[in-house]
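Please look over the sequence and the structure shown below before reading the report that accompanies them.

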Amino acid sequence: MAVLGIDLGTTNSLAAYWQDGKVHLISDEHGEVLFPSVVSFIEKEGLVAGYEAKERVLTHRADTVCSFKRFMGTDKLYRLGEKNYTPMELSAMILERIRKNAEYFLSEEIEEAIITVPAYFNDKQRNDTKKAAKIAGLNVERLINEPSAAALAYRMECGERDATLLVFDFGGGTLDLSYVECFDNIIEIVAVAGDNYLGGDDIDRLIAEYFCRENKIQPSIAEYAALVSSAEAAKCRLGQEREVEIVQNVSGKDYRAKLTDDILFEICMPLFTKIKKLFLHILKDAGARISDLTDLVMVGGSSRLGVVQRFLTELLGKRPVVLGETDKVVAMGAGVYAGIRTRKEDIRDMLLTDVCPFTLGVEVWRKNGDENALLPMIERNSTLPMSTHEHLVTVHDYQSEIRVGIYQGEEYYAKDNLFLGEVTIPVYPKPAGQEGVDVYFTYDINGILYVEVVNSQNVREHILLSGQELSLEELARYQQGMKELMLPPILREENQKLLAELEKYYENSVGVKREQIGWFINWFVGGLQSRRLHVVTRTVETAKAQLAAWREREECAEEELFDGELKRQFLEGWEEENSGEWMQEDFKEGEEEE
Ligand code: AMP
């Protein structure tokens, strides 16, 4: 059964699948691969989605909704006909149409999908995306971040050389930046940064404002909305024409303004300043410099704009890589991941890590504070999966329980962040600070958070935050998986064995060699404590290779001793006194005894 990779976009959605070593996009009965993320209500017919709905955007504005992805995770309601719909329900309609179209296209039933989401989606937005898929009849075991999908598509197109990428995903309403390291078969997302309110729509508004300034006019709200639409059309035409004229009727009179790349570059300056700040932010989070980047990968509809490419070339001093059509790259990556999911032979070994886009923490009381603060447990941009632990103590004399409130976000006060859940556990009543609990956080690559709290009597309470209703079986499976992840690399059995072997070499050596082995052990332990998966993987590989080399050298040294001058003289002496056959028999007996 095929697994679909779906880019559920703000403007358009696409679906892809993996077959015969390649990603394929799914097209509809008209051969179109872009499926407009638009829903419209038609009297007597009901709700329609996709192209049919898009055609009604201008003619039936009140009955048609688009860009609802921007409000995913909120309780915003859209009225269509007699009913109200949430962004989640509208997304479910889009996903259902995509599933049915794919089933028709592939002539088979589809139950599973990988869906891409903006890196900056919080838990609520991700969970609503999963719920929308469930309503549409799709199981979603994994959501992947849109820039991660773009990095997968890059890997497929640009080969397997090591690379450090910056994925620039510039859509209609959002900008997502991801710093990605590609080593061997590992694609590691090191840091993400972005702005949920910065996109092509802002460019349209800037063009509209320029138009009003040039013509010294103040249009009504409806006229301004029409002007923004003309501005968008002119912006898109600039790709093919050197100069575009915008003509707009305001208060019964036609006004005009010309748009060129140079004018648009000037108009976009405030936006470019924001983009530059985001670049500095992500480079700081990744601990990197611009010169560390090998490629800049551009995705999203707004990346097509010549002025955006020009600005980035000037900023980075290198030309960006534009992978085919920027609006299809994310879906292509989702299709690659669908292939990984179904374990297709040709891409089976590719490993994609991700980072936690927001900090996860617990609510704690702070001296001199009016409100409880957030204590970060897993910081934003930590590589997933990730496990951490903290000890919390009581703050009131003789309190009999501790409540651990779990939040997501970057704000200082706990209440200003997104509340995810809580765990309450009894504690032995003692003076404040003398009793406490250990809190363990484990966050996996599917965005599932497992929190375990243990008191001093070893009583354990836990909560699994997955955003989905899980069966008992699924719950047990996740819990077991989480327990395994709770072990940091240094405590894993395989790595403990390597460490023990290294220590044995240390004990058996002397002088400079011993000193070098001691130095190597320090390096090995340091590497295992890294936050980066590829550093941990390489450390383990290097240690294995080093141990293999030492073992081989030792065997050679033994062989040398056996074949060496001393042994030769020794054997010659023996041969003079005894027959060689006797010696060989003796050795054989020894071997058999063993
Ligand atoms: P996305 O959210 O990735 O679908 O991107 C949508 C944004 O891309 C909208 O702001 C569009 O105006 C913009 N866009 C689409 N096509 C073009 C184009 N050819 N040139 C410039 N901007 C475009």
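Predicted model: local features only at pLDDT ≥ 70, side-chain atom pairs only at ≥ 80, totals over all residues.

Residues are numbered from 1 along each chain as its sequence is written, and side-chain values use heavy atoms, with hydrogens and water left out.

**Helix H3**

Helices (H or I, at least four residues) and strands (E, at least two) are DSSP runs, numbered from the N terminus. Helix H3, residues 123-135, has 13 residues, and the distance from its first C-alpha to its last is 18 Å, close to the 18 Å expected at 1.5 Å a residue; the expected span is 1.5 Å times one less than the number of residues. At the N-terminal end, H3 is capped by Asn-122, which places a side-chain oxygen 3.1 Å from the backbone nitrogen of Lys-124. After the helix comes Gly-137, which has a positive phi, near 80 degrees. The buried residues of H3 include Asp-123, Gln-125, Arg-126 and Asp-128, where buried means under 20% relative accessible area, exposed over 50%, and partly exposed in between (1.4 Å probe, protein chains only).

**Salt bridges**

A salt bridge is a side-chain nitrogen of Lys or Arg within 4 Å of a carboxyl oxygen of Asp or Glu, and a search of the whole structure finds 25 of them.

| Salt bridge | N to O distance |
|---|---|
| Asp-128 and Lys-131 | 4.0 Å |
| Asp-202 and Arg-205 | 3.1 Å |
| Glu-314 and Arg-310 | 3.8 Å |

How are Asp-128 and Lys-131 placed in helix H3? They are separated by about one helical turn, because they are 3 residues apart in H3. Asp-128 counts as buried at 6% relative accessibility, whereas Lys-131 counts as partly exposed at 39%.

Asp-202 and Arg-205 both lie in helix H5 (residues 200-215), where they are 3 residues apart, about one turn of the helix. Asp-202, at 19% relative accessibility, counts as buried, and Arg-205, at 36%, counts as partly exposed.

In helix H9 (residues 306-316), Glu-314 and Arg-310 are 4 residues apart and so are separated by about one helical turn. Glu-314 is exposed, with a relative accessible area of 56%, while Arg-310 is partly exposed at 32%. Elsewhere, salt bridges that share partners join Glu-96, Arg-99, Lys-100 and Glu-103 into one network.

**A loop residue**

Is Asn-381 buried or exposed? Asn-381, found in the loop between strand E21 (373-378) and strand E22 (383-384), counts as buried at 2% relative accessibility. A polar atom of the side chain of Asn-381 lies 2.7 Å from the backbone nitrogen of Val-192.

Two strands pair if DSSP finds at least two bridges between them. In the order E23-E26-E27-E28, 4 strands form an open sheet with antiparallel pairing. Strand E23 (386-393) and strand E28 (460-465) stand at the edges, and because each has a single partner strand, one side of each is left without a neighbour in the sheet. Strand E26 (residues 436-443) and strand E27 (residues 449-455) pair in the antiparallel sense over 7 bridges, and Asp-438 stands opposite Val-454 in E27.

Terms used
Polar contact = N/O pair within 3.5 Å; in protein donor to acceptor, adjacent residues only side chain to side chain.
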